Amino acid sequence: MKKITITIVSITAALLLASCGNDTATDTFNESKNIENKSKAALTITDMAGRDVSFDKKPERIIALTNADMNIIYALGGTVVGRQTTDASGVPDGAKKATEVGNTHDLNLEKIASLGADAIVASSEQNLKDVPAMEGVGPKVVLTGANSIEDIKKQTAVLGELLGKEKKAKELEANIDKKVAEVKKQQQGKKVRALLVLGAPGSNYAALPSSLSGNVLELAGGENVAKDFKGVENFPQYASMNVEKIVAADPEVIFLMIHGGDEKETEAAFKKEMKQNDAWNSTSAVKNDHIVVLPAELFGTNPGMKIDQALDYMTDEINKVDK
């Protein structure tokens with residue numbers, strides 16, 4: 001019996017070793033294929049989700065699913081054949097005739113397929129799950145996104161590489177650095193207590209410093225009263241509203257960013273709640289009527305190359321409170 005047992009164990013061990021060897025060989029083969037594919041590609045980009053995206057030829061027909069990506073592409077000197085379905089007021093002149101293909105929440109794959117695009121630029125946070133479906137109708141997908149001004153610079157670099165406009169991308173990044181330096185110098189030492197609220201139909205969230213708007217607020221001289229709040233699970237740059245803690249921190253100004261739904265209706269409901277609630281009424285912001293509705297095209301979503309305008313706007317509003 002002992003001999004049989006030893007034989008069985010030996011056979012099992014051999015099989016396991018062979019299996020491990022096969023796995024290692026497979027991994028090595030796949031890695032070699034990836035390196036080979038990259039070497040054969042006309043262009044390989046590492047996008048902002050950490051994915052390597054290879055193109056057989058230089059991408060010429062591009063779809064942008066966010067306004068930020070679209071305005072960066074045009075600032076770089078590129079064009080798009082498809083864009084998100086949106087109000088045309090914030091769309092660059094050259095992009096107004098581009099085909100609308102839905103948005104990051106609601107893609108129209110049929111229209112995407114009809115455009116014969118080489119690349120789709122989409123949101124790293126919202127569209128990662130959609131990559132197989134989008135690439136299934138033809139184009140390669142490059143994911144971008146920004147939760148800080150530094151991220152906007154990275155986004156610009158990625159799109160500059162996609163378009164072959166690296167030199168122009170560096171110029172745009174330098175312009176952002178210059179604006180940030182100007183604001184820091186101007187606002188040095190200012191600390192205005194502020195609350196940033198993302199208002200959506202039926203819910204409000206406090207923006208944290210880890211959000212893009214929170215980053216802009218701090219650079220402009222605002223002290224985020226929600227900085228120590230815990231981000232919500234699927235929305236980590238924003239936190240549930242804690243009225244007790246907010247009132248205790250006594251914000252001097254409250255900024256409202258409106259996302260989705262009827263903007264006027266959301267604004268009216270928010271201001272009504274502020275005015276009628278005794279706790280909110282005790283804050284300096286409400287007492288002094290320092291409740292500011294921020295422009296939708298500059299806040300709440302990534303403004304792309306309009307980040308300089310967002311910094312100027314926030315700086316002006318902080319300075320009004322500080323007088």
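A residue is called buried when its relative accessible area is under 20%, exposed when it is over 50%, and partly exposed in between, with a 1.4 Å probe and protein chains only. G138 is exposed, since its relative accessible area is 52%. This model is predicted, so that local features need pLDDT of at least 70 and side-chain atom pairs count only at pLDDT 80 or more, while totals for chains, interfaces and linings use all residues. Residues are numbered from 1 along each chain as its sequence is written, and side-chain values use heavy atoms, with hydrogens and water left out.

G138 sits in the loop that joins α4 (131–136) to β9 (140–144), where helices (H or I, at least four residues) and strands (E, at least two) are DSSP runs numbered from the N terminus. Between G138 and D118, 20 residues apart in sequence, the C-alpha to C-alpha distance is 7.4 Å.

Turning to the interior, a nonpolar core is a set of buried Ala, Val, Leu, Ile, Met, Phe, Trp, Tyr and Cys residues joined through side-chain atoms within 4.5 Å. The largest such core holds 55 residues, and I73, I149, L162, F255 and M314 touch the most other members. Apart from this core lies another, of 18 residues, which includes V197, V225, L256 and I258. Leaving aside residues up to four places away in sequence, I149 touches I176, V180, L212, N215, V216, L219, I307 and L311, contact meaning heavy atoms within 4.5 Å.

Two helix pairs are set out below, with axes that are lines fitted to C-alpha atoms over the stretch in contact and angles that run from 0 to 180 degrees between N-to-C directions.

| Helix pair | Angle between axes | Axis distance |
|---|---|---|
| α2 (residues 67–75) and α5 (residues 149–163) | about 55 degrees | 10 Å |
| α7 (residues 212–219) and α12 (residues 307–321) | roughly 55 degrees | within 9 Å |

α2 and α5 are therefore oblique to each other, given that angles under 35 degrees count as roughly parallel, over 145 as roughly antiparallel, 65 to 115 as roughly perpendicular and the rest as oblique. In this pair, A68, D69, I72 and I73 of α2 meet Q155, T156, L159 and L163 of α5, and by class the contact has five nonpolar, two polar and one charged residues. Here Ala, Val, Leu, Ile, Met, Phe, Trp, Tyr, Cys and Pro count as nonpolar, Asp, Glu, Lys and Arg as charged, and the others, Gly among them, as polar.

In the other pair, L212, V216, L217 and L219 of α7 meet I307, A310, L311, M314 and I318 of α12, a contact with nine nonpolar, no polar and no charged residues.
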